[in-house]
Amino acid sequence: MIEELVNFIRLGIKVYFVSTDPAVEELENEHPLLEKAGKGELLRRFLVKYDHRYADLEWTAYDGDVAEDEAHWLEYFSTAGAFNLEQYRLEHWPEGEHLIVTAGAGTGKTTVMLDRVMYLKHRHPHLPLKRMVMLTFTNEAAQHMKERLMKRLAAYYECTRKRVYLTWIEEAGEWFIGTIHSFAHQIIKEEGASLGFPSPPKIRSFAHEKKRLIEKWFDRYAVEHPDKVEPFRYIPFYVIVNGIYHLMEKMEQKSLHEEEMADADYGEDEWAAQDLLKYVIGHVQQELHEWKKERQEMELHDLLRRLKPLMRQRPSAVPVTYLLVDEFQDTDEVQIQFFLWLLQWTGAVIFAVGDVKQSIYRFRGAEYTAFRQLAEQLERRGEPVERVSLRKNYRSEPRLLSQMDRMFAHWATVVDRFSYSSADRLIPAKDESAEEPVGLFFPRLDDAELKVLLKQLEGKDVAILVRSNRQVEEMAERCERLGFFVAAKRKGRFFRTLPVREFYLLVRRFTHPAVWRDRYLFHLSSYGQRQVSLPQVLLEYRPDRMGIADLLQPYDRFPEAESRLRHYSAIDVLEQLVRQLKPDERYARRLFAWLKENSEADEETMRREVAFRRQEYAMNLEHLFYLLKKEFGRYPVSLFELEKYLAIQMGSNTTETELRPPDAEHHWIKVMTVHQAKGLEFDYVLLPYTDDPFVRSHGTRVILQKNGDRWQVGYHFQWKDRRIVNSHMKAMEEDEEKEMIGEETRLLYVALTRAKKAVYAVGTDHSRRGSVSSWRSLLVKEVVADVSG
């Protein structure tokens, strides 16, 4: 038997080996090649419970070809062990059928998608990998998927020594795996001429330009209609600009084209703000469109908006045979239409994977009804769609899954837009663990309890999940005070990191040396000498003179740099000054002194943390210089150009992510938002902030609904003490509140299902029917009190 398995592996034939003999779990030890094959996923072995009906069974199936009267054997393997029948069926599914796969949390959807790619490639070795397009929701997920494929192909070569796998590895370099936006960008490169883009457009943010254009067109509206802007006279201008900008962002997230925005129905409100909005947004979008076209530039969401005209014609150069889409529940209406267009004209087959219960990007325009929309429209075209569910969970302990199942079933009775039934229940693939603690726990998680709990979990894999970046910062500081240092994940915040902000103050030190607020902040920064304390500043304060100027005058003087800045590029001069001042060293010394005063950590741990943070500071400062040189090239940039660029990036860039050294050993606690935790797993999950209300009555809120061919815009602005609500918002508000509660419930579902062993969350003792207002109101102790496993 061992020799037969080895021969299969040498031929590049993947083997599923199922046995009732416990020795199967040591199969890899029987031959070095089997060990390689196990690591490279060419060999998967499963122990199943003994059943006398199958005592003498010896049976082999090739490429998923199983006779109807033999199918019950696969059912037996699946129910009596860890063999996953659904995954096996999906891997070997007939090639010409569209597939919609509902993959519950921890059910191995990434594995299934890669298995499918490898199966199709083996069946059609001459089909280039680039014709199997795989779309993921994030660049990180795409990179992870590609790395796993390359690793698997390398394992096939190691086990077989067949050169064909080296050829496939080369092909994988051209394999398209990325986000829907990057795929749209590629299509625009190839089809761009018909859209008025003779060369590939540059992608960047236009947040700064939009706000300037909003100001421009508001001013023109005020000149043309002075009576209509009278109600807004005493509202700060920036408040109005930010409100209009937010509304535009919501419309763009829905991929509305310029014509659709101009034609949108803004309803009416008592202050006639609808006229102002229609005028300003229409003109801003028109000018912005011409501006982008002239400069051959786009924003990220433009990639899909620009495809709308293209979808009226046949693509000339989009070679796709198989389209695999991950996280399909987070696609929006325009993306669904894009997929349908692609399938229609290329004849491709779609393999769409996701889970409606994990749809958490509605605020970006995602449609949690995406699966239903796709299936209905394909079937309307006469193209059948098969639906398969993955429910066997390889992540969480059985007791935890049982408790979560009870909790989710309860949510379905109290949350109108959260669906959960017995068909959604996750089936544990793991055996019950004797390790404690396992399950759902409901501590208070105040500072005292949090410290005790983190001490108990010390050195383990722990994640603290929150809802916002602000809470990430707050939680990191809390843990630091208690003596625990964390890895705080903040996506897209590079231009708001300390090295960038302090470098901006360095630039301002030369461009505006007499702006004493900035000058004092610079003095306190890692570049400044920090000799003047705040009490000194207050002591020297006089209404009739600038006392702080006298205090700061002797410090932070750089005459040589000031002289060089008159003759040389600002970037070169500042880079040399940074090397002289060594801000990372000064930052590290001050941080250590502060920690000794404020943290309960031991000195050795503090020293390790300071070394880590110094390296992190230096890495991001170096990355900033790389970005500056990339932006300005060899052009001798001035200080004022540099200041303007940094100000715009700090105010609008949410895509550039800060660099981090490899996580230190003492960073066993991860702090991140639930959105950032999507696709990840941890042994222990903590949810300390569960009281934030789902629905807020203040601030800016926007709702968009399609009415026939026209979009209706509902808005709620809180501009200073003025509340502006239009007629559409009043009509849409009740339904929108239900949608918001449904989205927040799904977000909590994602948070809970990240855990392998235990969840610690601030909950409530009893359920109050009809009172779902926060995560805490959903985390009900009595619901899971009697679950034993």
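Start with the second largest pocket, whose volume is about 1300 Å³. The model is predicted, so local features need pLDDT of at least 70 and side-chain atom pairs count only at pLDDT 80 or more, whereas totals for chains, interfaces and linings use all residues. Residues are numbered from 1 along each chain as its sequence is written, and side-chain values use heavy atoms, with hydrogens and water left out. A pocket here is an open set of points on a 1 Å grid over the protein atoms alone, with protein on both sides within 12 Å along at least five of seven lines, and lining residues have an atom within 4 Å of a point; a volume is the space filled by probe spheres set on the points, which are joined across faces, edges and corners.

Select Val15, Tyr16, Phe17, Trp59 and Thr60, which lie nearest the centre of this pocket among its 48 lining residues. Then colour the elements that give two or more residues to the lining, including strand S1 (15-19), helix H5 (109-123) and helix H6 (139-160); helices (H or I, at least four residues) and strands (E, at least two) are DSSP runs numbered from the N terminus. By class, the lining holds 31 nonpolar, 6 polar and 11 charged residues, where Ala, Val, Leu, Ile, Met, Phe, Trp, Tyr, Cys and Pro count as nonpolar, Asp, Glu, Lys and Arg as charged, and the others, Gly among them, as polar.

Next, show domain 1 (1-83) and domain 2 (85-193 + 301-390): both give residues to the lining, so the pocket lies between them. The domain bounds come from an automatic or database domain assignment.

Move on to the cavities, sets of points where a 1.4 Å probe fits but cannot get out. The whole structure has 3 of them of 30 Å³ or more, and the largest cavity has a volume of about 70 Å³. To find the largest cavity, select its lining residues, among them Glu95, Arg116, Tyr322 and Phe351; H5, strand S8 (322-325) and strand S9 (349-354) each give two or more residues to that lining, which has 8 nonpolar, no polar and 3 charged residues.

Finally, select helix H21 (residues 498-511) and helix H26 (residues 570-581), which pack at an angle of about 115° with their axes 12 Å apart; the axes are lines fitted to C-alpha atoms over the stretch in contact, and angles run from 0 to 180 degrees between N-to-C directions. Phe503, Leu506, Val507 and Phe510 in H21 meet Leu574, Leu577 and Val578 in H26, contact meaning heavy atoms within 4.5 Å.
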